[in-house]
Amino acid sequence: MLTRSALIYLSRQEGLKEFAAKFGLFKKLTTRFIAGETIDEAVAAIRDLNARGCTSTFDHLNESVGSIAETEAEVREYLDVLAHIDETGIDSNVSIKLTQFGLEIDPDLTYHNVRRIVEDATRRGNFVRVDMEGSNVTQATIDVFKRLRAEFGLNDVGIAVQSYLYRTMDDVRDLLKIPARIRLCKGAYNEPPEVAYPDKKGVDDNYVGVMQVLLASGGYHGIATHDPKMIDATIAFAQREGIGKEAFEFQMLYGIRRDLQEQLARDGYRMRVYVPYGKHWYPYFMRRLAERPANIWFVLKNLWK
Ligand SMILES: Cc1cc2nc3c(=O)[nH]c(=O)nc-3n(C[C@H](O)[C@H](O)[C@H](O)COP(=O)(O)OP(=O)(O)OC[C@H]3O[C@@H](n4cnc5c(N)ncnc54)[C@H](O)[C@@H]3O)c2cc1C
């Protein structure tokens, strides 16, 4: 059986992706988790989600970009996405990864790149969420986010945090002082025990603790998880504290627990679905398999359909 860390290791081996691409396996392998390769395909997926009571966030797949020219292409892609959202009238914001915009090349370049996207989103009344990546860039991500928040409003740009990191509760208390809109997730990267809880219980307990701080803060935050225990804890806390269903949103990934997405939307909760699209699907796709190796069988079965 492939372990989680082996799958995360494979997520960094682009050669396997080339193999899959060569044999035209893209569609069959990935349709469960990835909306397609183009903006138009993502728009179609989002229309469908909107019709089922869910709002959405675009994610153009392309992380750890290695050249300045590529970061410029990412800026143009996201400006195009924001224009498509307006033109089509779909209900969606956008999520970005700072390594897409050069964080591993130059944080200042990243700031200036992302600034253009946030400025355009602000002008359109839309919102940009900064995803959180590996712990090697946590501080740099927060630093760029704080620069953006100094210039743009609370409802223009937000950030994500990960409950598996020991530092997250302190980061959240610090970010709430600005204040900031925060997405809470468990964390998807392979982190050492020096920086992250090595066991599920530690990650989950911290998730519940951070969720309570976020909801009690009075801001509008995103509770991103497919874990029924985290969802139940959130609903129970909100009910106990008299926090309304409109005061926060649940968030899930495209293709994962669609039944639960629709159920929560039917129950009157706000549900946002993260919709990844693009040609560079491989690391994202492999992280989803790592979270639930049983998905490998789902994916393989699709090959024969
Ligand atoms: C909207 C959104 C945004 C995210 N943004 C980030 C980010 O910025 N940075 C980051 O590091 N991570 C991000 N993640 C990923 C997150 O950190 C987790 O890796 C992922 O959500 C799995 O954790 P979980 O909370 O669902 O709980 P888990 O404990 O992993 O899973 C709980 C249950 O959920 C279901 N489930 C979970 N994963 C899958 C799957 N792949 N396939 C099928 N069922 C599954 C299963 O029933 C499982 O038992 C995001 C997740 C979401 C939903």
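Reader: Why does Phe-250 count as buried?

Author: Phe-250 has 24 C-beta neighbours inside 10 Å, and a residue is called buried if 20 or more other C-beta atoms lie within 10 Å of its own, exposed if 12 or fewer, and partly exposed in between, with C-beta atoms placed from the backbone; Phe-250 therefore counts as buried. The coordinates belong to a predicted model, in which local features need pLDDT of at least 70 and side-chain atom pairs count only at pLDDT 80 or more, while totals for chains, interfaces and linings use all residues. Residues are numbered from 1 along each chain as its sequence is written.

Reader: Where is Phe-250 found, and with which residues is Phe-250 in contact, leaving aside its neighbours within four places in sequence?

Author: Phe-250 is found in strand S7, residues 248–253, where helices (H or I, at least four residues) and strands (E, at least two) are DSSP runs numbered from the N terminus. Two residues are in contact if their C-beta atoms, placed from the backbone, lie within 7 Å, and beyond its neighbours within four places in sequence Phe-250 has such contacts with Ile-223, Ile-231, Leu-264, Tyr-269, Arg-270 and Met-271. Gln-261 lies eleven residues away from Phe-250 in sequence and 8.6 Å away in space, C-alpha to C-alpha.

Reader: What makes Ile-90 partly exposed?

Author: Ile-90 has 19 other C-beta atoms within 10 Å and is therefore partly exposed. This residue lies in the loop between helix H5 (68–88) and S2, and, leaving aside neighbours within four places in sequence, Ile-90 is in contact with Val-43, Ile-46, Arg-47, Asn-50 and Ile-85. Leu-49 is 41 residues from Ile-90 in sequence, with 9.7 Å between their C-alpha atoms.

Reader: Why does Asn-126 count as partly exposed?

Author: Asn-126 has 19 C-beta neighbours inside 10 Å and so counts as partly exposed. Asn-126 is found in the loop between helix H6 (107–123) and strand S3 (128–130); its contacts, neighbours within four places in sequence left aside, are Leu-82, Ile-85, Asn-93 and Ala-121.

Reader: How do you know that strands S1 and S8 pair, and what is the sense of their pairing?

Author: Two strands pair if DSSP finds at least two bridges between them, and S1 (residues 55–60) and S8 (residues 270–277) pair in the parallel sense over six bridges. Thr-57, for example, stands opposite Tyr-274 in S8. Four bridges join S1 to S2, and these strands run parallel, with Val-94 in S2 as the bridge partner of Phe-58. Likewise, S4 and S5 run parallel and are joined by four bridges, and Gln-162 faces Cys-185 in S5.

Reader: What do the eight strands form?

Author: The strands form a closed barrel with parallel pairing, in the order S1-S2-S3-S4-S5-S6-S7-S8. Neighbouring strands of this sheet are turned by 30 degrees against each other on average, direction ignored; axes here are lines fitted to C-alpha atoms, for helices over the stretch in contact, and angles run from 0 to 180 degrees between N-to-C directions.

Reader: Which residues come nearest to the ligand, and which element gives the most to the shell around the ligand?

Author: A residue is near a molecule or strand if its C-beta atom, placed from the backbone, lies within 6 Å of it; of the 23 residues around the ligand, Asp-131, Ala-188, Thr-225, His-226 and Gln-251 come nearest. Strand S4 (157–162), S7 and helix H12 (282–291) are the elements that give two or more residues to this shell, and S7 gives the most, with three residues.
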